[in-house]
Amino acid sequence: LHDRDGKIWMDGELVDWRDAKVHVLTHTLHYGCGAFEGVRAYKTERGTAIFRLQEHTERLFNSAKILRMKIPFSMEEVNEAQRAVIRANGLESGYIRPLTWIGSEKLGVSPKGNRVHLMVAAWAWGAYLGEEGMKRGIRVKTSSYTRHHVNITMTQAKTVSNYTNSILANMEATDDGYDEALLLDPAGFVSEGAGENLFIVKNGVIYTPDLSAGALNGITRNTVLHIAKDLGLEVVQKRITRDEVYIADEAFFTGTAAEVTPIRELDRIQIGAGQRGPVTERIQSAFFDIVNGRNPKYAHWLTPV
Ligand code: PMP
(Lines give C-alpha, C1' and ligand atoms only; values in the text may rest on other atoms or scores of the structure.)
Protein backbone atom coordinates (compact mmCIF):
# COMPACT_ATOMS: atom_id res chain seq x y z
CA LEU A 1 0.00 0.00 0.00
CA HIS A 2 2.89 2.41 0.66
CA ASP A 3 4.75 2.16 -2.67
CA ARG A 4 2.45 3.79 -5.17
CA ASP A 5 1.56 7.06 -6.82
CA GLY A 6 -0.99 9.41 -5.32
CA LYS A 7 -1.38 12.01 -2.61
CA ILE A 8 -1.90 11.82 1.13
CA TRP A 9 -3.04 14.76 3.24
CA MET A 10 -0.59 15.17 6.08
CA ASP A 11 -0.75 17.94 8.67
CA GLY A 12 -2.40 20.38 6.31
CA GLU A 13 -0.70 19.57 3.03
CA LEU A 14 -1.11 17.09 0.20
CA VAL A 15 2.19 15.19 0.01
CA ASP A 16 3.36 12.50 -2.39
CA TRP A 17 2.13 9.07 -1.30
CA ARG A 18 5.67 7.66 -0.92
CA ASP A 19 6.77 10.63 1.20
CA ALA A 20 3.96 10.37 3.79
CA LYS A 21 6.25 9.01 6.55
CA VAL A 22 6.65 9.16 10.33
CA HIS A 23 9.69 8.61 12.57
CA VAL A 24 10.26 5.22 14.29
CA LEU A 25 10.14 6.98 17.67
CA THR A 26 6.55 8.09 17.06
CA HIS A 27 4.77 7.88 20.43
CA THR A 28 1.66 6.21 18.99
CA LEU A 29 3.78 3.48 17.38
CA HIS A 30 5.12 2.57 20.83
CA TYR A 31 2.10 2.98 23.09
CA GLY A 32 -0.94 2.87 20.78
CA CYS A 33 -2.57 6.13 21.77
CA GLY A 34 -4.14 7.38 18.55
CA ALA A 35 -7.52 7.44 16.86
CA PHE A 36 -8.79 6.89 13.37
CA GLU A 37 -11.83 6.71 11.14
CA GLY A 38 -12.99 4.61 8.25
CA VAL A 39 -15.15 6.51 5.79
CA ARG A 40 -16.47 5.63 2.35
CA ALA A 41 -17.05 7.70 -0.76
CA TYR A 42 -19.54 6.39 -3.30
CA LYS A 43 -20.24 7.07 -6.93
CA THR A 44 -23.66 8.69 -7.23
CA GLU A 45 -25.56 10.13 -10.20
CA ARG A 46 -24.45 13.57 -9.07
CA GLY A 47 -20.80 12.57 -8.84
CA THR A 48 -18.65 11.15 -6.06
CA ALA A 49 -19.91 11.83 -2.55
CA ILE A 50 -18.71 11.00 0.96
CA PHE A 51 -21.24 9.17 3.11
CA ARG A 52 -22.00 10.76 6.51
CA LEU A 53 -18.76 12.75 6.45
CA GLN A 54 -19.72 15.07 9.31
CA GLU A 55 -20.65 12.15 11.61
CA HIS A 56 -17.33 10.41 10.94
CA THR A 57 -15.40 13.60 11.59
CA GLU A 58 -17.32 14.16 14.82
CA ARG A 59 -16.54 10.62 15.96
CA LEU A 60 -12.85 11.22 15.21
CA PHE A 61 -12.88 14.36 17.36
CA ASN A 62 -14.76 12.50 20.08
CA SER A 63 -12.25 9.64 19.98
CA ALA A 64 -9.44 12.19 20.36
CA LYS A 65 -11.30 13.88 23.21
CA ILE A 66 -11.66 10.56 25.04
CA LEU A 67 -7.90 10.04 24.59
CA ARG A 68 -7.18 13.58 25.87
CA MET A 69 -5.66 14.47 22.52
CA LYS A 70 -6.28 17.81 20.84
CA ILE A 71 -6.47 17.63 17.04
CA PRO A 72 -4.78 20.81 15.75
CA PHE A 73 -7.33 21.31 12.95
CA SER A 74 -10.98 22.30 12.86
CA MET A 75 -13.72 19.87 11.88
CA GLU A 76 -14.24 21.87 8.69
CA GLU A 77 -10.56 21.44 7.80
CA VAL A 78 -10.76 17.71 8.44
CA ASN A 79 -13.91 17.42 6.31
CA GLU A 80 -12.17 19.34 3.54
CA ALA A 81 -9.05 17.13 3.82
CA GLN A 82 -11.20 14.06 3.16
CA ARG A 83 -12.76 15.63 0.08
CA ALA A 84 -9.32 16.73 -1.08
CA VAL A 85 -7.78 13.22 -0.97
CA ILE A 86 -10.61 11.75 -3.02
CA ARG A 87 -10.14 14.47 -5.63
CA ALA A 88 -6.33 14.36 -5.58
CA ASN A 89 -6.29 10.59 -6.14
CA GLY A 90 -8.93 10.74 -8.86
CA LEU A 91 -11.18 8.25 -7.06
CA GLU A 92 -14.78 7.72 -8.16
CA SER A 93 -15.42 5.73 -5.00
CA GLY A 94 -13.18 4.54 -2.21
CA TYR A 95 -12.29 4.17 1.42
CA ILE A 96 -10.97 7.14 3.39
CA ARG A 97 -8.70 6.71 6.40
CA PRO A 98 -8.15 9.72 8.67
CA LEU A 99 -5.75 9.02 11.56
CA THR A 100 -4.54 11.21 14.39
CA TRP A 101 -1.38 10.31 16.27
CA ILE A 102 1.15 11.59 18.77
CA GLY A 103 4.56 12.67 17.50
CA SER A 104 8.14 11.72 18.27
CA GLU A 105 9.39 14.63 20.38
CA LYS A 106 9.87 12.30 23.36
CA LEU A 107 9.01 8.82 24.58
CA GLY A 108 7.73 7.66 27.96
CA VAL A 109 4.11 6.83 28.69
CA SER A 110 3.04 10.44 29.15
CA PRO A 111 2.54 12.07 25.75
CA LYS A 112 2.39 15.53 27.31
CA GLY A 113 4.31 18.07 25.24
CA ASN A 114 4.29 15.95 22.09
CA ARG A 115 2.72 17.27 18.92
CA VAL A 116 -0.57 15.79 17.69
CA HIS A 117 -0.66 14.99 13.98
CA LEU A 118 -3.36 14.14 11.48
CA MET A 119 -3.29 12.42 8.13
CA VAL A 120 -5.96 11.41 5.63
CA ALA A 121 -5.43 8.79 2.92
CA ALA A 122 -7.90 7.28 0.44
CA TRP A 123 -7.82 4.31 -1.90
CA ALA A 124 -10.18 2.00 -3.80
CA TRP A 125 -11.59 -0.77 -1.61
CA GLY A 126 -14.37 -3.17 -2.59
CA ALA A 127 -16.57 -5.38 -0.40
CA TYR A 128 -14.60 -5.90 2.86
CA LEU A 129 -15.92 -9.41 3.51
CA GLY A 130 -16.10 -10.35 -0.19
CA GLU A 131 -18.68 -9.95 -2.97
CA GLU A 132 -19.75 -13.54 -2.47
CA GLY A 133 -20.35 -12.92 1.25
CA MET A 134 -22.57 -9.93 0.43
CA LYS A 135 -24.92 -12.25 -1.47
CA ARG A 136 -24.63 -15.59 0.27
CA GLY A 137 -23.72 -14.57 3.79
CA ILE A 138 -20.51 -15.18 5.72
CA ARG A 139 -19.43 -17.76 8.29
CA VAL A 140 -18.62 -16.41 11.74
CA LYS A 141 -17.01 -17.86 14.86
CA THR A 142 -17.54 -16.73 18.44
CA SER A 143 -14.11 -15.50 19.49
CA SER A 144 -12.10 -16.93 22.36
CA TYR A 145 -11.07 -13.28 22.90
CA THR A 146 -13.37 -10.94 24.82
CA ARG A 147 -14.33 -7.47 23.55
CA HIS A 148 -12.87 -4.62 25.63
CA HIS A 149 -14.48 -3.89 28.94
CA VAL A 150 -16.07 -0.43 28.93
CA ASN A 151 -13.66 0.82 31.60
CA ILE A 152 -10.40 -0.37 30.06
CA THR A 153 -9.49 1.26 26.75
CA MET A 154 -12.81 3.09 26.22
CA THR A 155 -15.16 1.47 23.74
CA GLN A 156 -16.75 4.56 22.19
CA ALA A 157 -13.40 5.75 20.89
CA LYS A 158 -12.10 4.28 17.65
CA THR A 159 -8.59 4.05 19.02
CA VAL A 160 -5.52 2.47 17.46
CA SER A 161 -4.85 0.25 20.47
CA ASN A 162 -8.40 -1.16 20.57
CA TYR A 163 -7.65 -2.93 17.32
CA THR A 164 -5.12 -5.38 18.76
CA ASN A 165 -8.18 -7.10 20.19
CA SER A 166 -9.90 -7.02 16.77
CA ILE A 167 -6.77 -8.30 15.01
CA LEU A 168 -6.39 -11.24 17.40
CA ALA A 169 -10.06 -12.16 17.06
CA ASN A 170 -10.07 -11.84 13.27
CA MET A 171 -6.84 -13.84 12.85
CA GLU A 172 -8.06 -16.61 15.10
CA ALA A 173 -11.38 -16.86 13.22
CA THR A 174 -9.84 -16.72 9.74
CA ASP A 175 -7.05 -19.18 10.68
CA ASP A 176 -9.86 -21.53 11.68
CA GLY A 177 -11.49 -21.11 8.27
CA TYR A 178 -14.21 -18.62 9.16
CA ASP A 179 -14.74 -15.20 7.58
CA GLU A 180 -14.99 -13.10 10.74
CA ALA A 181 -15.12 -13.21 14.54
CA LEU A 182 -17.96 -12.33 16.88
CA LEU A 183 -16.80 -10.98 20.24
CA LEU A 184 -18.66 -11.26 23.53
CA ASP A 185 -18.41 -8.69 26.30
CA PRO A 186 -16.71 -9.57 29.62
CA ALA A 187 -20.07 -10.76 31.01
CA GLY A 188 -20.58 -13.09 28.02
CA PHE A 189 -23.17 -11.07 26.12
CA VAL A 190 -22.83 -10.45 22.41
CA SER A 191 -20.90 -7.26 21.67
CA GLU A 192 -19.83 -6.98 18.01
CA GLY A 193 -17.63 -8.28 15.21
CA ALA A 194 -13.91 -7.49 14.95
CA GLY A 195 -14.83 -4.45 12.86
CA GLU A 196 -18.62 -4.58 12.56
CA ASN A 197 -21.80 -4.17 14.58
CA LEU A 198 -24.20 -7.11 14.76
CA PHE A 199 -27.92 -7.32 14.09
CA ILE A 200 -30.24 -10.33 14.31
CA VAL A 201 -33.82 -10.78 13.12
CA LYS A 202 -36.34 -12.93 14.96
CA ASN A 203 -40.04 -13.17 14.09
CA GLY A 204 -39.82 -9.96 12.05
CA VAL A 205 -38.25 -7.91 14.86
CA ILE A 206 -34.67 -6.64 14.59
CA TYR A 207 -32.35 -6.79 17.60
CA THR A 208 -28.91 -5.30 18.15
CA PRO A 209 -26.74 -5.19 21.29
CA ASP A 210 -27.13 -1.97 23.25
CA LEU A 211 -23.88 -0.04 23.59
CA SER A 212 -23.33 -1.09 27.21
CA ALA A 213 -21.96 -4.34 25.74
CA GLY A 214 -18.99 -2.27 24.59
CA ALA A 215 -19.61 -2.17 20.85
CA LEU A 216 -18.56 0.89 18.90
CA ASN A 217 -21.45 3.24 18.12
CA GLY A 218 -21.32 2.42 14.43
CA ILE A 219 -22.46 4.98 11.90
CA THR A 220 -23.71 2.16 9.66
CA ARG A 221 -25.54 0.76 12.69
CA ASN A 222 -27.24 4.12 13.06
CA THR A 223 -28.03 4.17 9.32
CA VAL A 224 -29.70 0.76 9.68
CA LEU A 225 -31.79 2.08 12.59
CA HIS A 226 -33.11 4.79 10.22
CA ILE A 227 -33.72 2.27 7.42
CA ALA A 228 -35.61 -0.10 9.72
CA LYS A 229 -37.84 2.75 10.86
CA ASP A 230 -38.55 3.74 7.25
CA LEU A 231 -39.44 0.12 6.44
CA GLY A 232 -41.77 -0.04 9.44
CA LEU A 233 -39.61 -2.64 11.18
CA GLU A 234 -39.25 -2.66 14.95
CA VAL A 235 -35.69 -2.52 16.34
CA VAL A 236 -34.89 -3.45 19.93
CA GLN A 237 -31.51 -2.59 21.48
CA LYS A 238 -30.84 -5.01 24.32
CA ARG A 239 -28.47 -7.57 25.79
CA ILE A 240 -28.16 -10.50 23.40
CA THR A 241 -26.76 -13.96 24.14
CA ARG A 242 -24.82 -16.09 21.64
CA ASP A 243 -27.56 -18.71 21.60
CA GLU A 244 -30.07 -16.03 20.59
CA VAL A 245 -27.91 -15.60 17.49
CA TYR A 246 -27.93 -19.39 16.86
CA ILE A 247 -31.75 -19.47 16.86
CA ALA A 248 -32.30 -16.15 15.05
CA ASP A 249 -34.04 -16.20 11.65
CA GLU A 250 -31.37 -13.92 10.16
CA ALA A 251 -28.21 -12.13 11.18
CA PHE A 252 -26.00 -9.50 9.58
CA PHE A 253 -22.99 -7.32 10.25
CA THR A 254 -22.78 -3.59 9.55
CA GLY A 255 -19.81 -1.29 9.14
CA THR A 256 -18.33 1.28 6.83
CA ALA A 257 -15.99 -1.33 5.36
CA ALA A 258 -18.40 -4.29 5.71
CA GLU A 259 -21.49 -2.23 4.67
CA VAL A 260 -24.39 -4.67 5.26
CA THR A 261 -23.04 -8.24 5.18
CA PRO A 262 -25.37 -11.19 5.86
CA ILE A 263 -24.21 -13.92 8.27
CA ARG A 264 -25.25 -17.45 7.39
CA GLU A 265 -23.56 -19.40 10.17
CA LEU A 266 -22.19 -18.93 13.70
CA ASP A 267 -19.91 -21.61 15.19
CA ARG A 268 -20.96 -24.03 12.42
CA ILE A 269 -24.60 -23.63 13.44
CA GLN A 270 -26.75 -22.53 10.52
CA ILE A 271 -28.71 -19.33 11.13
CA GLY A 272 -32.24 -19.50 9.72
CA ALA A 273 -32.20 -20.82 6.16
CA GLY A 274 -28.40 -20.46 5.99
CA GLN A 275 -28.48 -17.71 3.40
CA ARG A 276 -29.14 -13.98 3.14
CA GLY A 277 -32.57 -13.52 4.74
CA PRO A 278 -35.43 -11.42 3.33
CA VAL A 279 -35.21 -8.67 5.98
CA THR A 280 -31.43 -8.48 5.55
CA GLU A 281 -31.89 -8.20 1.80
CA ARG A 282 -34.37 -5.32 2.16
CA ILE A 283 -32.05 -3.47 4.51
CA GLN A 284 -29.03 -4.13 2.33
CA SER A 285 -30.78 -2.84 -0.76
CA ALA A 286 -32.14 0.25 1.06
CA PHE A 287 -28.58 0.87 2.34
CA PHE A 288 -27.10 0.79 -1.17
CA ASP A 289 -29.87 3.06 -2.45
CA ILE A 290 -28.96 5.62 0.21
CA VAL A 291 -25.17 5.52 -0.22
CA ASN A 292 -25.44 5.62 -3.99
CA GLY A 293 -27.71 8.67 -3.86
CA ARG A 294 -30.92 6.96 -4.94
CA ASN A 295 -32.94 7.99 -1.87
CA PRO A 296 -33.62 11.76 -1.78
CA LYS A 297 -34.64 11.58 1.90
CA TYR A 298 -30.98 11.05 2.81
CA ALA A 299 -29.35 13.32 0.22
CA HIS A 300 -28.00 15.37 3.16
CA TRP A 301 -25.86 12.37 4.18
CA LEU A 302 -23.87 12.63 0.94
CA THR A 303 -21.23 15.34 0.69
CA PRO A 304 -20.04 15.92 -2.87
CA VAL A 305 -16.27 15.94 -3.22
N1 PMP B 1 -17.19 -1.93 15.49
C2 PMP B 1 -15.89 -1.86 15.24
C3 PMP B 1 -14.93 -2.47 16.21
C4 PMP B 1 -15.43 -1.24 14.08
O5 PMP B 1 -14.13 -1.19 13.80
C6 PMP B 1 -16.35 -0.69 13.18
C7 PMP B 1 -15.88 -0.01 11.94
N8 PMP B 1 -15.59 1.36 12.18
C9 PMP B 1 -17.71 -0.78 13.47
C10 PMP B 1 -18.10 -1.41 14.64
C11 PMP B 1 -18.74 -0.20 12.58
O12 PMP B 1 -18.74 1.20 12.64
P13 PMP B 1 -19.11 2.11 11.40
O14 PMP B 1 -20.43 1.63 10.92
O15 PMP B 1 -19.17 3.48 11.94
O16 PMP B 1 -18.05 1.93 10.38
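This is a predicted model: local features need pLDDT of at least 70, side-chain atom pairs count only at pLDDT 80 or more; totals for chains, interfaces and linings use all residues.
Met119 of β7 is the bridge partner of Met10. Strand β1 (residues 7–10) also pairs with strand β2 (residues 13–16). That pairing is antiparallel too, with four bridges. Lys7 stands opposite Asp16 of β2. The hairpin of β1 and β2 has two residues between its strands. Within this hairpin, Asp11 adopts a positive phi near 45 degrees.

The overall fold was described next. The protein contains eight helices and 17 strands. Its 305 residues would give a radius of gyration near 19 Å if they formed a compact globule. The protein has 19 Å, and so agrees with that expectation. Along the principal axes, the C-alpha atoms fill a box of roughly 55 × 45 × 30 Å. Buried residues account for 47% of the 305 residues. Among contacts with a separation of 6 or more, 69% link residues 24 or more positions apart.

A second hairpin involves strand β4 (residues 39–44) and strand β5 (residues 47–51). Two residues connect β4 to β5 in this hairpin. The two strands run antiparallel and are joined by four bridges. Tyr42 has Ala49 of β5 as its bridge partner. Strand β5 pairs as well with strand β17 (residues 302–304), in the antiparallel sense and over three bridges. Here Ala49 is bridged to Pro304 of β17. Four of the five residues of β5 are buried, so the strand is largely enclosed by the rest of the structure.

Helix α3 covers residues 75–88, a run of 14 residues. From its first C-alpha to its last, α3 reaches 20 Å. This is close to the 20 Å expected at 1.5 Å a residue. The buried residues of α3 are Val78, Ala81, Gln82, Arg83, Val85 and Ile86. An α-helix has 3.6 residues a turn, so residues three or four places apart point the same way. Just after α3, Gly90 takes a positive phi of about 60 degrees.

Positive phi values also occur away from glycine. Most residues other than glycine have a negative phi. Arg68 is not a glycine, yet its phi is positive, at about 60 degrees. Arg68 lies in the loop between α2 (53–66) and α3. Arg68 is exposed, because 9 other C-beta atoms lie within 10 Å, and the cut-off for exposed is 12 or fewer. Glu259 likewise is not a glycine and has a positive phi, of about 55 degrees. Glu259 is placed in strand β15. Its setting is buried, because 21 other C-beta atoms lie within 10 Å, and the cut-off for buried is 20 or more.

Strand β15 (residues 259–266) also holds Glu265. Glu265 counts as partly exposed because it has 18 C-beta neighbours inside 10 Å. Beyond residues up to four places away in sequence, Glu265 touches Arg139, Val140, Gln270, Ile271 and Gly274. Glu265 and Tyr246 are 19 residues apart in sequence. In space, their C-alpha atoms are 8.0 Å apart.

The surroundings of the ligand complete the description. The ligand is surrounded by 16 residues. The closest are Gly218, Ile219, Thr220, Gly255 and Thr256. Helix α6 (219–230) and strand β14 (250–255) each supply at least two residues of this shell. The largest share, three residues, comes from α6. By class, the shell has three nonpolar, nine polar and four charged residues.

Technical notes:
Residues are numbered from 1 along each chain as its sequence is written. The expected span of a helix is 1.5 Å times one less than its number of residues. A residue is near a molecule or strand if its C-beta atom, placed from the backbone, lies within 6 Å of it. Ala, Val, Leu, Ile, Met, Phe, Trp, Tyr, Cys and Pro count as nonpolar, Asp, Glu, Lys and Arg as charged, and the others, Gly among them, as polar. Two residues are in contact if their C-beta atoms, placed from the backbone, lie within 7 Å. The radius of gyration is taken over C-alpha atoms; the globule rule is 2.2 Å times the number of residues to the power 0.38. Two strands pair if DSSP finds at least two bridges between them.
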